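Please examine the sequence and the structure shown below.

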Amino acid sequence: IDFTDMLVFVWRAIEESAPWAKDLQGRYDYVALDEAQDANLIQIRILDHVAANAKCALWIGDARQSLYSFRGARLDLFRDRAAAWTLLPLRYNYRSDGEIIRVANSFASGHDWHIGGDAITPSARAVTPTAVVISKDAVPCAEIAVAVADGASPSNFAVLCRTNSGLASYEAGLALAQIPFYSTAGKGGAWATKDGRALLAYLRAAGDTATIDELVSIANRPVRKLSRSVIEDACGAVKGPVRNVIDRLSRTNHPCAKALQDDLLTLAALEWPARCTMVASLLVTDLKQRATTDIDPDADRIKLVEALATIAAARGSLAELESLVKAAEAAQRDAKRGGQTRPKVTLSTVHKAKGLEWQTVYVDTANMPHEKSTDVGEEARLFFVAITRPMSRMIVLCADPEKHPFVAKIVAKG
């Protein structure tokens with residue numbers, strides 16, 4: 001069962017007056033709900049039940065940071081409680097430079113997010129005019145590398161993107177600069193995701209360096225009906241790289257093995273950049289064929305495949321790509337040594353950056369608002385969360401600031 005199932009089971013027990021559910025009502029004198037703006041209806045009902053006989057129920061939240069409507073979050077219910085209960089505004093920001101707060105307030109002022117209309121009030125921190133930079137051509141990885149070389153800690157820096165696909169290029173840049181980093185793209189980073197591994201497997205197979213496991217992983221991408229036994233019958237249970245893959249596949253009469261053989265023949269004949277492009281096309285085709293709806297499938301995964309293929313093509317050869325992947329793995333391993341105390345750059349989606357802070361934050365607006373989102377208000381709140389993460393300096397990365405729906409408001413308001 002998943003977390004939603006657990007919530008449903010608890011609520012059913014409450015509705016059915018289970019003895020243990022009744023006992024919950026008298027167990028706690030004080031009940032607090034943090035991040036209340038992101039609570040969904042069933043969570044609120046459960047908390048209301050638990051707090052029914054409590055001396056005090058406290059909700060802590062910020063309407064400007066409501067980001068989870070896709071999980072059923074009900075900002076309207078949060079507003080209703082704020083209107084009915086005693087309101088204790090928390091206005092002061094002790095995190096950010098005054099200029100960062102001014103920009104955040106300026107952006108938020110065009111929306112009806114405020115509970116009681118309260119803007120953020122800066123603490124006694126100075127207002128530094130250069131604390132906010134909007135840039136068309138900043139190169140975060142290079143700038144971070146220079147700062148680290150000058151003595152800055154990698155942990156002072158973060159790069160925030162709308163989706164995991166946007167993090168891939170920053171992983172590559174930091175890996176090449178040998179800067180330790182942590183990426184929320186997944187355990188091991190973008191190259192360790194299912195699609196990253198598949199792209200590498202295709203390129204290795206075309207270069208005769210793929211293992212049996214890697215051949216099996218691409219045997220059905222795009223959708224084919226090739227089992228592991230068919231691959232092993234053709235190639236043998238070889239440990240390590242399988243040589244002469246194309247010739248080995250010709251040993252079986254399985255029609256889908258012939259299709260894989262043809263793809264690998266074509267790939268092997270292509271120049272490196274075109275080879276990377278073809279692999280991306282094969283993986284995107286697979287994602288689309290596996291879709292169960294008419295909606296463009298797995299748009300973020302498709303973007304990740306395309307981003308990784310672009311990075312791979314820029315390396316110029318399989319050997320250079322392997323060097324990059326090893327460097328990325330080493331950078332992440334290096335970041336993990338020493339646990340949470342190890343200095344490392346953070347590469348994160350905005351959702352996963354919520355509640356966190358760094359001295360310097362790069363906000364990549366390339367996929368803001370998300371192309372598939374129908375909730376422009378929530379996309380704007382995501383941008384607000386991103387621009388309130390930095391403590392001392394924020395660099396907003398935007399190709400066309402005057403035309404960007406969010407950045408333009410900052411530019412226009414100075």
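Ala198 belongs to helix H8, where helices (H or I, at least four residues) and strands (E, at least two) are DSSP runs numbered from the N terminus. This is a predicted model, in which local features need pLDDT of at least 70 and side-chain atom pairs count only at pLDDT 80 or more, whereas totals for chains, interfaces and linings use all residues. Residues are numbered from 1 along each chain as its sequence is written, and side-chain values use heavy atoms, with hydrogens and water left out.

Is Ala198 buried or exposed? With a relative accessible area of 3%, Ala198 is buried; the term buried means under 20% relative accessible area, exposed means over 50%, and partly exposed lies in between (1.4 Å probe, protein chains only). Once its neighbours within four places in sequence are set aside, Ala198 is in contact with Ile218, Arg221 and Leu283, contact meaning heavy atoms within 4.5 Å. Ala198 and Ala280 are separated by 82 residues in sequence, and their C-alpha atoms are 9.7 Å apart in space.

The helix packing around H8 comes next. Two packed helices are described by the angle between their axes and the distance between the axes. Axes are lines fitted to C-alpha atoms, for helices over the stretch in contact, and angles run from 0 to 180 degrees between N-to-C directions. The axes of H8 and helix H13 (residues 272–289) cross at roughly 130 degrees and come within 10 Å. H8 is therefore oblique to H13; angles under 35 degrees count as roughly parallel, over 145 as roughly antiparallel, 65 to 115 as roughly perpendicular, and the rest as oblique. The two helices H8 and H13 form a right-handed crossing, a crossing being right-handed if the near helix is turned clockwise from the far one by less than a right angle, and left-handed if anticlockwise. To this contact H8 contributes Asp195, Ala198, Leu199, Tyr202, Leu203 and Ala206, while H13 contributes Trp272, Arg275, Cys276, Val279, Leu282, Leu283 and Leu287. These residues divide into 11 nonpolar, no polar and two charged (Ala, Val, Leu, Ile, Met, Phe, Trp, Tyr, Cys and Pro count as nonpolar, Asp, Glu, Lys and Arg as charged, and the others, Gly among them, as polar).

H8 (residues 194–206) also packs with helix H14 (residues 299–315), at an angle of about 40 degrees and with the axes 9 Å apart. That angle makes H8 oblique to H14. The crossing of H8 past H14 is right-handed. Lys194, Asp195, Gly196, Leu199 and Leu203 of H8 meet Arg301, Val305, Leu308, Ala309 and Ala312 of H14, a set that divides into six nonpolar, one polar and three charged residues.

Attention now turns to the aromatic rings. Six aromatic pairs are found in a search of the whole structure; rings of Phe, Tyr and Trp (its six-membered ring) pair if their centres lie within 6.5 Å, with planes under 30 degrees apart counted as stacked, over 60 as edge-to-face and the rest as tilted. The rings of Phe107 and Phe406 are edge-to-face, because their centres are 5.9 Å apart and their planes are at 75 degrees. Phe107 lies in helix H5 (residues 98–108) and Phe406 in the loop between strand E10 (390–397) and helix H18 (407–412), so the pair ties together parts 299 residues apart in sequence. Phe107 is buried at 1% relative accessible area, and Phe406 is buried at 3%. Ring pairs link Phe107, Phe383 and Phe406 into a cluster.

For the protein as a whole, the secondary structure comes to 18 helices and 10 strands. Of its 414 residues, 48% count as buried.
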